Amino acid sequence: MASRTFRIWRGEQDGDGQFAEYTTDITEGMVVLDAVHQIQAESAGDLAVRWNCKAGKCGSCSAEVNGNPRLMCMTRMSDLPEDLPVTIEPMRTFPLLKDLVTDVSWNFEVKKRIRKFKPRAPDAEDGTWRMDQRDVDRVQEFRKCIECFLCQDVCHVLRDSHKHDEFVGPRFFVHAAALEMHPLDTEDRLEELKEAQGVGYCNITKCCTKVCPEHITITDNAIIPLKERVVDRFYDPVRNLFRIIGGR
Amino acid sequence: MQVAEHDVLVIGAGGAGLRAAIEASAAGVSVGLVTKSLLGKAHTVMAEGGIAAALANVDGRDDWRTHFADTMRGGQYVNNPTMAELHAREAPDRVRELEAWGAVFDRTNDQKILQRNFGGHKYPRLAHVGDRTGLEMIRTLQDHGIHLGIDVHMEWTVTRLIVDGGRVVGAFGYDREKGRFQVFRAAAVVLATGGIGRAYRVTSNSWEYTGDGHALAYEAGAELIDMEYVQFHPTGMVWPPSVRGILVTEGVRGEGGVLRNSEGQRFMFDDIPDLYKGSTAGDPEEGWRYTQGDKEARRPPELLTRDHVARCIVREIKEGRGSPHGGVFLDIAWIKEKLKDSEAHIRRKLPSMYHQFKELAGIDITSEAMEVGPTIHYVMGGVKVDGETQMSRVPGLFAAGECAGGLHGANRLGGNSLSDLLVFGKRAGEHAARFAGANPRGGASGSEDEQVEAATRDALAPLERQDGGGDGVGSYAIQSELQDLMQAKVGIVRSQAELESGLEDVLALKERSRNVSVAGNRAYNPGWHTALDLPNLLLVSEAVARAAALRKESRGAHFREDHTAKDERWGRTTLVVRKGADGEMEIEEEAVTPPREELQQIIEENR
């Protein structure tokens, strides 16, 4: 059994935070979240950490481990360098509540602003629809999202430029794409994506795609197609010509 | 004291809570939804296999009658027949409704919702999305619900219901962020808090599942039934130690996965219960054909009910034929002998299992066998409710989903949980809204104030004891001791002596827990939260141990090594737990409600 050192961010909402050092024993197969729980039980009963499923399915235990945005429950201790302390910090893009827990409520507010699913009339008399598996594959990729908000955490438009009021972030472009590309959906979200939701701010650095624990190809499959749809609608020269002639 | 006012308060935001909130809101009343976690993180998100509903998309012979009969057989005929009937009849509409709200299920070749085989279900019945059906379901309900004007109280925990004038009038709780207290005034309350898994060491449940709804209802004067029936899912991960208990979906077996012992033998063929002899495959080849959709073939023994499969696994381990880390082998990789493109097939059908084993255990399930063993997964027991309205015997107090009892009898079939949440979540929401409309609550009374004061005192006590110094015990330590003793003495194979000793231990821990003290302040303090969950965990543990010690037979998930057979008298008996006039727990035997004649006939036809 090897003993390892952890540097864990401790701090409350309005106070100054700092790293505190803890040491705990690591056994085979342990993940970072196990170590945090062990430290909690041994020496830091009030260490705040958010978690639920411990199996990478709920997206609650997002944090920055050795500077990398990760789910703590899916980060194995054996994958981290053994000769260095393990550093665990909260997600830096969201306001701190306490220790490793951040206030992610902004994400829940943003989602409400995206128009909900609006299906076409049912295809069959019994009120059901027909869809081909091939036509739902790409939507199913987006619907794997577990809302861990790690993509929001690394997006520089939010993290560095703080455009929270003008830009909804990769998570919600994935959400919008899942709706826009849903074979049954009839709603139109393009104008809002362009204006209020700021899809244009994304400059395709693909940081979000790199950190997605569900391996959703956020930039290529969700954001770029949305950008293309916006461009087709609003910046297409032929369409613009018609618009000018038509006086619209 | 902050006060929130709603017509209907829903406690718990998993599948049942969300569905109840949606229905109540659609009925035009104001709705508050309280959740211990963030929205969309409840245990429903982990459900893998699917939603059982007789849509008959894959096999046209399926209908609600067969689903009803399968549910009753799985539950060993002690289910609430009204609930089993409504569940089977209404599940298909509830699934179709999810599609109308944006859910994207896997498709059949003729573009309908695809259904898969599961243990105890006669026909392929589980509507699913790969092995992440729960995520699809909770996200669909969440994304639909957020546009309905429901007030969501995220990261709030209710510690007490407020009862006045013979009815429920609200609840008291704290928020995790700052430890603020709040009174939730409401004319009706729906409990949808899920299970009790945290009472055990090896569990697929997260920290939230501490029997809150069970305990809240009990303390408010409602009754609990069937508490002796605790489901062990046969296949949880066993290695590495830190992931012990995490679920491995039954879908692995539905897709052709087989169980083998250390001698390479498919031991499930060795012991097939009489109830299932006629419907189980005669040899491995027939079993394989069944998993691949051959309608003439009978199902492989790996798809027998969960209680039975779990016990067979325990037998293999006990008799020395287990895997290196104390489980047995679950092998899906073998299908490469049958399918050309098996690796891609497995990854498509079981993506999150592939992911989970790859990342947590370093095992590639497309080429290696998994090691699995039983894990506490679900409690069949719960609040005794009216089968149609889901109201308990406390007026205005409703319960739905895992924290309600009755639907599943002595053993739940896989897939019947998600459908339970939808069918009875909707019913609870509908009837709670109706109750609230007909019975608005009056102003706050003196009794209400006293209850709030008492709840405040109780909530602060563990923090205040830290200043008192002395012999305070930590909340984590008590919880951990409880988990070990429940696992060892009130577990999968039970005996009178162990159950009685287990009960004594629980009661002793209960005494010690009165002295629990925690460090830190009220802001996001998990030690404090754990302390406040303890009374609930201890209460449900006591109920499970007491009921299990009383039921001297083996039935469904309740297996007694000192009474291994089923007993006819016990088969007609339900155990009802309630708080006695002296404040102590009492248990009464009550007659099981027999199905009405038409339903009995359906059962006979499907025997």
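Which domains does the domain assignment of chain A give? The points below take that up and then move to the chain B side.

1. Some ground rules: this is a predicted model, in which local features need pLDDT of at least 70 and side-chain atom pairs count only at pLDDT 80 or more, while totals for chains, interfaces and linings use all residues. Residues are numbered from 1 along each chain as its sequence is written, with chains lettered from A and ligands numbered from 1 in the order in which they are written.

2. Chain A is assigned domain 1 (2-102) and domain 2 (105-237), with bounds from an automatic or database domain assignment. Taken over C-alpha atoms, the centres of these two domains of chain A are 30 Å apart. Their contact involves 11 residues of domain 1 and 12 residues of domain 2, where contact requires C-beta atoms, placed from the backbone, within 7 Å.

3. Between the chains, the contact draws 48 residues from chain B and 47 residues from chain A. On the chain B side, helix 3 (81-100), helix 4 (133-145), helix 10 (351-361) and helix 15 (526-550) each supply at least two residues. Helices here are DSSP runs (H or I, at least four residues), numbered from the N terminus.

4. Helix 3 of chain B deserves a look. Its 20 residues should span 28 Å at 1.5 Å a residue, and the end C-alpha atoms are 29 Å apart, which agrees; the expected span is 1.5 Å times one less than the number of residues.

5. Just after helix 3 of chain B, B:Gly102 has a positive phi of about 110°.

Key
Contact = placed C-beta atoms within 7 Å.
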